[in-house]
Amino acid sequence: MAAKLSIKTASSLFLVLYSTMILFFALPCFSSDPDPLQDFCVADLNSTTTSVNGYPCKPESQVTSSDFVFSGLVEESSTDNPEGLGVRFGNVKFFPGINTLGISISRIDLALGGIVPAHIHPRASEINYVMKGEVNVGFISTKNVLYSGVLKAGMMAVVPRGLVHYTKNVGGEKAVLLAILNSQLPGTVSIPSNIFGAKPTIPNDVLSKNFRVNDTVIANIKSKFPAN
């Protein structure tokens, strides 16, 4: 009797788990980007038509195999900047073939000691895959808990959607990562430049109150992040 009850309970748990997985992966409400209603929709980046959640489609008669091939991540990007960071983007603006497909990928190059500043992606979760070097990847939960770890080549880490995260090269050589995101245009909000380089600028007294420092400290930090 007990054995039968155990089997029945296990079967019920399996059914619930299976149903949950089906709902999670099948329902559009759990997707980052809307599900496409066609095989593909190569972005027409030159269109002047107003669009929502993606670019208008290039006429199918004009689509070729080259629209689905992208070589923009082959070469490393310059890391000659204060962060020691170089990025080559593989989002829909650079790779029109992924329009409506809900994916994008970028190459990140980090010089010795280089860092991807604390930032968020408002429209995507992210997987960081280390191709070369050794990096520290961390994200902060809404409860202000830091989850971090050191990754070596061949390892990867996941960052949940919308959470503040960073990556720092902690190895003895340049580091190369691939950032894979479940949105064709995930968006990036870099916390330092977003706060201190906003245009129009955020008033110093607002920032000094937030960071519990005086206006002089805020003015000094702002001078390092000129408004774009």
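Predicted model: local features only at pLDDT ≥ 70, side-chain atom pairs only at ≥ 80, totals over all residues.
I counted 23 residues along its lining, and V87, F89, H119, H121 and T188 are the closest to its centre. Next I looked up which elements supply that lining: strand 1, strand 2 (104–110), strand 3, strand 4, strand 8 (164–169) and strand 9 (175–181) each give two or more residues. Strand 3 has the largest share, with four residues. I also sorted the lining by class and got 11 nonpolar, 11 polar and one charged.

**Annotated residues.** Which residues does UniProt list under "binding site"? I found H119, H121, E126 and H165, from an unreviewed entry. I then compared them with the pocket, and H119, H121, E126 and H165 are included in its lining.

**H121.** I placed this residue in the loop between strand 3 (115–120) and strand 4 (126–132). Buried or exposed, I wondered about H121? The relative accessible area is 8%, so I wrote H121 down as buried. Leaving aside neighbours within four places in sequence, I have H121 in contact with E126, R161, G162, H165, L181, P186, G187 and T188. I noted a polar contact too, at 3.0 Å, between the side chains of H121 and E126.

**E126.** I moved to the other end of that polar contact. E126 lies in strand 4, and I have it as buried because its relative accessible area is 5%, under the 20% cut-off. Again skipping neighbours within four places in sequence, I listed H119, H121, A157, V158, V159, H165, A179, I180 and L181 as contacts of E126.

**S77.** My last stop was S77, in the loop between helix 1 (2–26) and strand 1 (85–88). I logged S77 as buried, with a relative accessible area of 10%. What does S77 touch, not counting residues up to four places away in sequence? I found G86, V87, R88 and D109. For V87 there is a polar detail: its backbone nitrogen lies 3.0 Å from a polar atom of the S77 side chain. V87 also took me back to where I began, being one of the residues closest to the centre of the largest pocket.

Note on methods: Residues numbered from 1 in each chain as written. Heavy atoms only, no water. UniProt positions renumbered as here; feature names shortened; annotations may be inferred. 1 Å grid on protein atoms, 1.4 Å probe; cavity = no way out; pocket = protein on both sides within 12 Å on 5 of 7 lines; lining within 4 Å. Buried < 20%, exposed > 50% of the residue type's maximum accessible area, 1.4 Å probe, protein only. Contact = heavy atoms within 4.5 Å. Polar contact = N/O pair within 3.5 Å; in protein donor to acceptor, adjacent residues only side chain to side chain. Nonpolar A, V, L, I, M, F, W, Y, C, P; charged D, E, K, R; others polar.
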